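Please look over the sequence and the 3D view before reading on.

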Amino acid sequence: MREASRDRLKAFLTLLPSIILIAVFVYGFIGNTIWISMTDWGGSGALAFDPQKNFIGLDNYVDLFNGFLSAGFRQDLVNAVYYSLMLLAGAIGLGMFIAILLDQKPKGEDVLRTIFLYPMSLSFIVSGTIWRWLLAPQGGVNVLPTYFGFDALDFQWTSSTKAILEFNWQNILQILIYIAAFILILVGLFLLKGDPQKAVKRWLGPGVVVGAFAWLGGSLLPQALFMEEMHGFNLATLGIIIATVWQYAGYTMALYLAGFNGISQDLRDAAMLDGASSTNYYRYVAIPMLKPITISAVIILSHISLKMFDIIFAMTGPDNAQTGHPALNMYMTTFRANDFARGAAIAIVLFLVAGTFIVPYVISQYKQRRKG
Amino acid sequence: MSTTQKSGITPGSVLLYGSLFVLALFFLMPAYMAIVTALKDPANISLPTAWELPEKFNWQSFPHAFELLKSNIASSLILTVCATALSTVLGSLNGYVFSKWKFKGSELVFTLFLFGMFIPYQVILIPLFQTLRAMNLYGGLPGLILAHVVYGLPITSLIFRNFYSQIPTALVESARLDGAGFFSIYTKIVFPLSIPGFVVTSLWQVTQIWNEFLWGICLTRHEDNPITVGLAQLAGGQAVSWNLPMAGSIMAALPVLMIYIFLGRYFIRGLLAGSVKE
């Protein structure tokens, strides 16, 4: 018995250095960054070994969201939202499509799989460098149509200043409430078939009320800014989105392919015997069964799109206003402008956005492990 | 579908192979462009003819780019080997404890580890920079190695934990009854069984560390910059003709690409381990 408890102690002591490292380097550092973001650390003395820091509360955050000079950060944040949505849609859509094609077991499946997955092994700097050349305004992708007898394109892939879907930052609160209402109603409609009462009471009702409130009372809401400031989906980001989808579609393909292979042949044959067509088999049997994989893919991809730094850096350089991203802004603010406190605040904003995906995911995995 | 007949050209199979062909072209397009451009003479690189094959191959770009990236490649080699070895060994020990020596709260500790895998690294960058500076590790490779080892712990521990959970607990129990202790069970039973685990984990870590950029650019001085930073600088210069960045890209991609092509099976296992639950 004493032997056993000594072994337990040894086990714990083996783990201890890692626990301490994670505690300090992950949790301690996050706490430290939160603290830094509430100070005024920056300016000429910023790089001193013991720089002067004064506590200023949430001023850095307030400035980021409605300061006169922070319009760039706000556009970066809007960019990040579009990057995430487009990367999710693109990489999951294309990856799933390729996985379904390869699931038909075509000849040369192995080679094809290798072709679709190789971008995943490349560094973002490598793929960004190559894509920058591919998207050069007078060459690359733009001249491809001439080989088929069409005119060359003249789209400015990474430097276009056009934006679509613009909105006024002054109304950001109203817009956020609309989005919340939209999500509530969407979830409500989705659940309507299964449990109509709960769907109406929990989701649809509140959704309609919140939406109506934003619509009728919109003018009563405080404006986030004292002047008009337009933000939208910058078309210059399209090139970066295409390059990222190119790099990560193979990843979701691998996830789905592993999932499809895990579905037993019996189940598949049964679905076919019941007269399900291929389309229906994927739509009603295979893809719903792979919901955990879809959730994993959403988590990993949104995590990647929130820290997208390397590929934008390689494709446009760190300070291209049209294709900015908070992760780049954080780097420029901290290490080029030496404004550490503001950089920390940007990092915390990124962290909080990432946390809304990651925390529920990690907790649900924890619960599963405890059950299983 | 396995039930479809292998013979005959049906509209379905035309559509299937047609789509796959177009998609494969799209995925190979950047690789083609990189190779073609790298093999051109700088004087013959122009935007309108970017897609065309070079009239004669110019292999000089590769030695030239290698000369420029030599010290970066050396840094990345040292960095990758050291950080991979350390984080893999630690991950193996952690995975062993997490799967075979569970204690009260070990699942919670494991979950707290995992969380470290998903944070945007910007959120720890400033304290990391400060800490390394205070430890006199800023600017060189040891600091960068430390960062990669620490933040690699979550994923390596995860892969090994999942790997070791396949080893029957009865095996460990009977060894304990025979009087084997914590370390002798590890060295005599668990470690010999975990060679595939080491392959998967170290391939994954090699890929991640070789490809990493943010810490490289924020935490090292010019003379210790890893390959990604060297390549970004090579490509970022306005005056450089495109054959050099392309040759550099190919050289930077080659080690991981080789791993992927020849050991793809293990690579995909690492890929799946990072995302799909056990």
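## A loop residue and the terms for exposure

A residue is called exposed when its relative accessible area is over 50%, buried when that value is under 20%, and partly exposed in between. The model discussed here is predicted. In it, B:Asn136 has a relative accessible area of 72% and is therefore exposed. B:Asn136 sits in the loop of chain B that runs between α4 (122-134) and α5 (141-164). The phi angle of B:Asn136 is near 60°, which is a positive value in a residue other than glycine.

A positive phi also occurs in chain A, where A:Lys105 has a value near 50° and is likewise not a glycine. A:Lys105 belongs to the loop between α3 (71-103) and α4 of chain A. With a relative accessibility of 39%, A:Lys105 is partly exposed.

## Chain A in outline

Chain A contains 14 helices and two strands. Its C-alpha trace spans about 85 × 70 × 50 Å along the principal axes. Chain A has 372 residues, and buried residues make up 51% of them.

Contacts in chain A between residues at least 6 apart in sequence can be sorted by separation: 70% of them join residues at least 24 apart.

## Where the two chains meet

In the contact between the chains, 98 residues of chain B touch 103 residues of chain A. Together the two chains bury about 9,300 Å², and 76% of that area is on carbon and sulfur atoms. Between chain B and chain A there are 20 residue pairs in polar contact, counting pairs in which both residues have pLDDT 80 or more. On the chain B side, helix α1 (residues 11-38) gives the largest share of the residues that touch chain A, namely 15. Sorted by class, this side of chain B has 73 nonpolar, 17 polar and eight charged residues.

How many salt bridges cross the interface of chain B and chain A? The rule finds one. B:Glu107 forms a salt bridge with A:Arg369, with the closest N and O atoms 3.0 Å apart. Both residues belong to a network of salt bridges that links A:Arg369, B:Lys102, B:Glu107 and B:Arg161.

## The largest nonpolar core

The largest nonpolar core has 196 residues. The members that touch the most other members are A:Phe116, B:Ile124, B:Leu128, B:Tyr151 and B:Trp215.

For B:Tyr151, the contacts beyond four places in sequence fall in both chains. In chain A they are A:Phe25, A:Val26 and A:Phe29. In chain B they are B:Tyr121, B:Ile124, B:Leu128 and B:Trp215.

## Salt bridges within the chains

Side chains of opposite charge can pair when their charged atoms come close. Over all chains, the count comes to 12 salt bridges. One of them joins the side chains of A:Lys105 and A:Asp103, at 3.5 Å from N to O.

Another salt bridge in chain A links A:Arg113 and A:Asp110, at 3.2 Å from N to O. These two residues are three apart in helix α4 (residues 109-121), so about one helical turn separates them. A:Arg113 is partly exposed, with a relative accessible area of 27%. In chain B, B:Glu173 and B:Arg176 form a salt bridge at 3.7 Å from N to O. They lie three residues apart in helix α6 (residues 169-177) of chain B, so they too are separated by about one helical turn. B:Glu173 is partly exposed at 38%, and B:Arg176 is partly exposed at 23%.

## A buried serine in chain B

B:Ser87 lies in helix α2 (residues 61-100) of chain B. Is B:Ser87 buried or exposed? Its relative accessibility is 0%, so B:Ser87 counts as buried.

Leaving out residues up to four places away in sequence, B:Ser87 touches B:Val149, B:Thr156 and B:Gln205. The side chain of B:Ser87 also reaches the backbone oxygen of B:Ala83, at 2.9 Å. B:Ser61 is 26 residues from B:Ser87 in sequence, and their C-alpha atoms are 36 Å apart in space.

Note on methods:
Residues numbered from 1 in each chain as written. Chains lettered and ligands numbered in written order. Heavy atoms only, no water. Core = buried A, V, L, I, M, F, W, Y, C linked by side-chain atoms within 4.5 Å. Buried < 20%, exposed > 50% of the residue type's maximum accessible area, 1.4 Å probe, protein only. Contact = heavy atoms within 4.5 Å. Buried area = accessible area lost by both parts, 1.4 Å probe. Salt bridge = Lys/Arg side-chain N within 4 Å of Asp/Glu carboxyl O. Polar contact = N/O pair within 3.5 Å; in protein donor to acceptor, adjacent residues only side chain to side chain. Helix = DSSP H or I, 4+ residues; strand = E, 2+ residues; numbered from the N terminus. Nonpolar A, V, L, I, M, F, W, Y, C, P; charged D, E, K, R; others polar.
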